[in-house]
Amino acid sequence: MRDLFDRIIENKGPLGKWASQAEGYFVFPKLEGPISNRMKFQGKDVITWSINDYLGLASSPEIKKVDGEAAMEHGAAYPMGARMMSGHTDFHEQLEKELAEFVHKQASYLLNFGYQGFMSVIDALVSKDDIIVYDVDCHACIIDGVRLHMGKRFTFKHNDPESLEKNLERATKMANETGGGILVISEGVFGMRGEQGILKEIVELKKRFKFRFLVDDAHGFGTLGKTGAGAGEEQGVQDGIDVYLATFAKSMAGIGAFVAADKEIIEYLKYNLRSQMFAKSLPMVYVKGALKRLDMLRTMPELKAKLWENVNALQNGLRERGFDLGTTSSCVTPVYLNGSIPEAMALVKDLRENHGIFCSIVVYPVIPKGLILLRLIPTATHTMEDIAETLDAFSSIRERLENGTYKRLSAAVAAAMGE
């Protein structure tokens, strides 16, 4: 028998093996200063394209005032205990009521964190006799939630209606044998590619198949739809989404999340969501802060308008310069380039050190080998000057990537890692 830790020491994983070269710079970097379009990285001013503060609320004086007053009044702990025991307040109920109205659902329930809560919602909705059918590119929180499922599950090809239909046929046959039901899961916006989920096509399949539909709309909530109610509103199928999930960590620039559905479903989840039943209630500072943020989403459409002005300027500018943005139909702006992980490291260092551009880098195993994905997140705080500087910088780094500069610069790193 081997020591449990032997495997961990010998194989640090596809990302962990780069820790000595990457940590502190490429991963676990430290951005400093107020959350904004420009911050400091290792003492240098950089244009930040990696902050999920879509509507620019994080450093809003109005928001900081409400957050500060709530902290002064309640501290960081109140209310103490889980919601079911001693952590329930009128403000929690008020926020749930307003969130439900905003996303056009009968009721909602607060979740302490999106990742934890989404996993728990999936776990609570299905039994061992039920079948889950989900998009293969769903977020890790959904994949981990599905792993908790003791019954059968199938993936369908990303945003592929034909693949979904075939899997629904399989799931229907199996559900008839087990006596269970079917839960289909997709995302409103896929956070890496920026594509909207095929929500309209999935809802249309309800005419031929019997299933319930769950949508994780973390990136769509607040950014898509006429009122900002998300991808379902954008595609005109919000009524066809049975269980709607969104987080406060993107457009709301806060902590927490919520699930919205018919009253009967929310009532069930309140008494069966293990991640909430056995966890401390969402603190008042986040609840009152979320109430203010939601009010600004409702009453200040200019925030979303400014966000999309910046999104269109950045994405159109990149496309005009010949960059591959895939099929994004959201604020998420992926730029696809060809290159190895060492080349990606040299490229990003050039962007940060010589051009003052800070964006997220995504490499294998998140995306296929040989690809580099630079993900940019526009916000309402970015300026046209930020966008112009970024476009020029991207033209420069592409030229250096194509002429082999980064390959030469990264040769030593590649050799050391056996790449």
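Helix α7 supplies the largest share of the lining of the largest pocket, 5 residues. Helices here are DSSP runs of H or I with at least four residues, strands are runs of E with at least two, and both are numbered from the N terminus. On a 1 Å grid over the protein atoms alone, a pocket is an open set of points with protein on both sides within 12 Å along at least five of seven lines, whereas a cavity is a set where a 1.4 Å probe fits but cannot get out; lining residues have an atom within 4 Å of a point.

The model is predicted: local features need pLDDT of at least 70, side-chain atom pairs count only at pLDDT 80 or more, and totals for chains, interfaces and linings use all residues. Residues are numbered from 1 along each chain as its sequence is written, and side-chain values use heavy atoms, without hydrogens and water.

How much space lies in the largest pocket? The volume is about 920 Å³, taken as the space filled by probe spheres set on grid points that are joined across faces, edges and corners. Of the 38 lining residues, the closest to the centre are H139, A140, E187, G191 and M192. At least two lining residues each come from α6 (114–125), α7 (140–147) and β14 (371–376).

Let us turn to the cavity. The count is 1 cavity of 30 Å³ or more, and the largest cavity holds about 40 Å³. Its lining consists of I35, S36, N37, T48, I51, D53, T379, T381 and H382.
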